[in-house]
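Student: I am new to this structure and would like a close look at a single part of it. Could you take me through one place slowly, and then show me what lies around it?

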Amino acid sequence: MIKLNGVTKKYNIGMPNELTALNNINIEIKEGEMIAIMGTSGAGKSTLMHIIGCIDNSTEGSYFFGNTQINKLSEGRLSKFRNESIGILLQDFALLNDETALQNVLTPLYFNKTPLIKMKTTAREALAMVGVEELETQKVGTMSGGQKQRVALARALVNSPSIILADEPTGALDSKTADEIMGLLVDLNKKGVTVIIVTHDNKIAGYCKRIIEIADGIICIDRNLGDDCIVT
Ligand code: ADP
Ligand code: ADP
């Protein structure tokens, strides 16, 4: 499904502070995997997630998502591809606090030319899927962290992406709420969605079947734990 070949990412190219954040990364990800990307701060986890999530481009190497060569797409095609194929979940939710849950979840749908009534049905289904349909008309700014992350997950899901990328999705949540969010991600994974989670938390990584650890921009561990190691 995803193939990174010799992916290198440099920042500040040609400047005195040039930095190689990722160095010759080779990864193959199959449909339906649930993966934790681990490593210390500054290791390159977010950079890797940004490249997989088509938010940023690599400096060298190739990136195939199915038959699409991502690193050859124009900016416009890249954002269309991202919107249609990838759901992103962040630690700080990145929601519009002054808007309602429904309005937030509708946002990715505005890119497609769907009638508003159909968009609303789709958005309500996404909210229901993560158990917050009753919060539809509530402004996000008034919600708890767990409710916000559920709304963010509904927004990530609304275009039925084949992959969800989550960067420290439980970093701002207490451990009980974190378990609930992880439960939702596990359920999605069971339905066939590929899930990739950036985390430095071993408990969160315990929900994943494959652990990829990065140090200084290089993959140092890539372990497949198999089904019997999943914590439920
Ligand atoms: P992690 O997510 O593992 O903490 P990052 O991918 O955020 O690591 O960062 C990897 C390295 O790249 C760090 O040294 C960081 O300072 C640097 N870096 C990340 N983003 C940028 C950027 N936009 N410009 C310059 N350097 C960056
Ligand atoms: P994370 O570890 O989750 O990436 P950071 O605080 O390291 O969080 O990064 C937040 C944002 O700042 C990211 O978009 C990253 O690309 C950018 N960034 C990180 N390090 C640098 C840097 N040295 N110079 C410029 N931007 C950076």
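Tutor: Let us begin with one side chain in this predicted model. F81 has a relative accessibility of 14%, and because buried means under 20%, F81 counts as buried. F65, at 8% relative accessibility, counts as buried too. These two residues belong together in this account, since the count of aromatic pairs comes to one, and the rings of F65 and F81 form that pair, with their centres 5.0 Å apart and their planes at 80°, so the arrangement is edge-to-face. F65 lies in strand β4, which covers residues 60-65, while F81 lies in helix α2, so the pair ties together parts that are 16 residues apart in sequence.

Helix α2 leads us on to the largest pocket. Spanning 75-85, α2 is one of the elements that supply at least two residues each to the lining of this pocket, along with β6 (86-90) and α5 (145-157). Strand β6 gives the most, with four residues. The pocket has a volume of about 440 Å³, and of the 17 residues that line it, R82, N83, I86, I88 and P108 are the closest to its centre. Sorted by class, the lining holds 10 nonpolar, five polar and two charged residues.

The second largest pocket, with a volume of about 150 Å³, takes most from helix α4 (residues 116-129), which gives four residues to its lining. Among the residues that line this second pocket are T122, E125, A126, M129, L157 and K191, and the lining as a whole divides into seven nonpolar, two polar and two charged residues.

If neighbours within four places in sequence are left aside, V151 is in contact with L95, A101, N104, V105, L127, V132, V140 and M143.

Key:
Residues numbered from 1 in each chain as written. Chains lettered and ligands numbered in written order. Predicted model: local features only at pLDDT ≥ 70, side-chain atom pairs only at ≥ 80, totals over all residues. Heavy atoms only, no water. 1 Å grid on protein atoms, 1.4 Å probe; cavity = no way out; pocket = protein on both sides within 12 Å on 5 of 7 lines; lining within 4 Å. Points joined across faces, edges and corners; volume = space filled by probe spheres on them. Nonpolar A, V, L, I, M, F, W, Y, C, P; charged D, E, K, R; others polar. Contact = heavy atoms within 4.5 Å. Phe/Tyr/Trp six-rings, centres within 6.5 Å; stacked < 30°, edge-to-face > 60°. Buried < 20%, exposed > 50% of the residue type's maximum accessible area, 1.4 Å probe, protein only.
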